[in-house]
Number of protein chains: 2
Amino acid sequence: MPSTPHGNAAKSRSRQRARKAGSPQQAPMRTLDLLGALTTFARNGVIFSEGQPAECVYKIESGCVRTYAMPQTGERQLVAFHVPGDCFALEGGDVHMMSAEATTDSTIRVIKRKALMARKNDAGMMRHLLDLTGAELRRTQRHNMLLLKGAQERVIGFILEIKERGHSDGEIALDMTRRDIADYLGLTIETVSRTLSRLEAESAISLPTPWRIVLHDPAALNLQ
Amino acid sequence: MPSTPHGNAAKSRSRQRARKAGSPQQAPMRTLDLLGALTTFARNGVIFSEGQPAECVYKIESGCVRTYAMPQTGERQLVAFHVPGDCFALEGGDVHMMSAEATTDSTIRVIKRKALMARKNDAGMMRHLLDLTGAELRRTQRHNMLLLKGAQERVIGFILEIKERGHSDGEIALDMTRRDIADYLGLTIETVSRTLSRLEAESAISLPTPWRIVLHDPAALNLQ
DNA sequence: CGTCACATTGAACCTCTTCAAGCGCCGTGG
DNA sequence: CCACGGCGCTTGAAGAGGTTCAATGTGACG
């Protein structure tokens, strides 16, 4: 019984990830890994909340995280998904601009900023953080561009993003719900669902289950 | 005759900025300032282009810069505006993901990456770059959130962003055209124009000229 | 087997886009 | 000097794409 976003929330609290478990595709041993404490979060578990003082940075070992803002008036705005290997909360500032939650049971390395700042004269560490922040900036810029397009292109762009970042080959496993995807793409869940169905009808993809996507013609998707 | 985006392009090539000239609101003397060469760009002048090797980073002294992507198929996607004090092209990577052009005559400090990398063991410099990149990341995340909203909120968000970043008080001077704004907000120029007109009809703002905005009730704008 | 959460599908509506026309400013050239 | 043309902005009317509202479907768990 794999841990999907579709299981019962209360029950999932104690589950372990069966699929893609372990330590996927990350570099041999990076500087950050020596500093942080491994912590586990259940599905929908809160990692930090908007407005709280920003005291840590985070690196994902396994699972998936969403970061989002929740305006007093308005819809939830999902800013990013983070997958194993990614760092988040790198943007600095005294308080968090966004909240972060696990979309599935996740293992996350939590690193105190104080510990980083204690090494602010360590040029290697600073440079490492710079690289990570640059990568995060590039991702955010890409997402920005995606949001300037139409619904079908957004959904396709999302699929391709997940495919690349998850290093999936052919089949993609979704660690998030339609609502998460919709809030990330600035669409409604209905539009996401309809668009996926249309792509399946056009034989570009198939959806064996709602949270698995098989790409039939990746080239065709790229051309949209 | 101030340098606005509305002058004749050929003629503006030789103009100097009258409004807001000099060195606005930047820290006493930052590390980067010692390394770069000051360069001037005319309105619509190309700073770098998508696909070129990324060899420099840039800091704006005066003027305004747009960064954008231009998909083979599709519209121009404006990712950011940069104003005096901002740095851009911090995202790293071997080649530029985007192009950059001046929206008005601008003075820009151009810093070779080689010069920065020569100081990669200078923790202070690395930390400075980290701070700048973090600030850029925060701006991009904010813009992301803006793109998840409706047209009126996007336009209001844009006005407030320009107001804050330009340190304007009451009156805002726009250094970009409606087309630039539209491509930045993922709207059409018609929608931008209509929305501004409606805000003026509702007495939230007034538009003495198309490139000057006077805020009448900033609080009212915030509540949207 | 009933319930709950999530996903899918349909139909009416609304916002934003598209297409088209007109205005105002500025610089140029007759 | 004034008429012309280019450029950017504004405004109107028709149309498309996405949202909203509502109903149905489906798998997981108790």
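1. In this predicted model, strand S9 of chain B and strand S11 (residues 212–215) of chain B run antiparallel and are joined by three bridges. Within this pair, B:Glu171 stands opposite B:Val214 of S11(B).

2. The pair belongs to an open sheet of three strands in chain B, ordered S9-S11-S10, with antiparallel pairing. Strand S9 (171–173) and strand S10 (205–209) of chain B are the edge strands, since each of them pairs on one side only. On average, neighbouring strands of this sheet are turned by 25° against each other, direction ignored. Helix H6 (residues 189–201) of chain B packs on the sheet, where it touches S10 and S11 of chain B. The direction of H6(B) makes about 115° with that of S10(B).

3. The interface fits into the same account. Of the interface residues of chain A, 100% are also interface residues in chain B, so the copies meet through the same surface.

4. Of the atoms of DNA strand C that come within 4 Å of the protein, 66% are accounted for by sugar and phosphate.

5. By class, the surface near DNA strand C is made up of nine polar, six charged and three nonpolar residues. Helix H6 (189–201) of chain A and H6 of chain B each supply at least two residues of that surface. H6(A) gives the most, with four residues. In chain B, H6 is also the helix that packs on the sheet described in point 2.

6. For A:Ser193, a polar side-chain atom lies 2.9 Å from a phosphate oxygen of DNA strand C. On the base side, a polar side-chain atom of B:Glu190 lies 3.1 Å from a base nitrogen of DNA strand C.

Conventions. Residues are numbered from 1 along each chain as its sequence is written. Chains are lettered from A and ligands numbered from 1 in the order in which they are written. This is a predicted model: local features need pLDDT of at least 70, side-chain atom pairs count only at pLDDT 80 or more; totals for chains, interfaces and linings use all residues. Side-chain values use heavy atoms; hydrogens and water are left out. Two strands pair if DSSP finds at least two bridges between them. Axes are lines fitted to C-alpha atoms, for helices over the stretch in contact, and angles run from 0 to 180 degrees between N-to-C directions. Contact means heavy atoms within 4.5 Å. A residue is near a molecule or strand if one of its heavy atoms lies within 4 Å of it. A polar contact is a pair of N or O atoms within 3.5 Å; within protein, one must be able to donate a hydrogen and the other to accept it, and residues adjacent in sequence count only if both atoms are side-chain atoms. Ala, Val, Leu, Ile, Met, Phe, Trp, Tyr, Cys and Pro count as nonpolar, Asp, Glu, Lys and Arg as charged, and the others, Gly among them, as polar.
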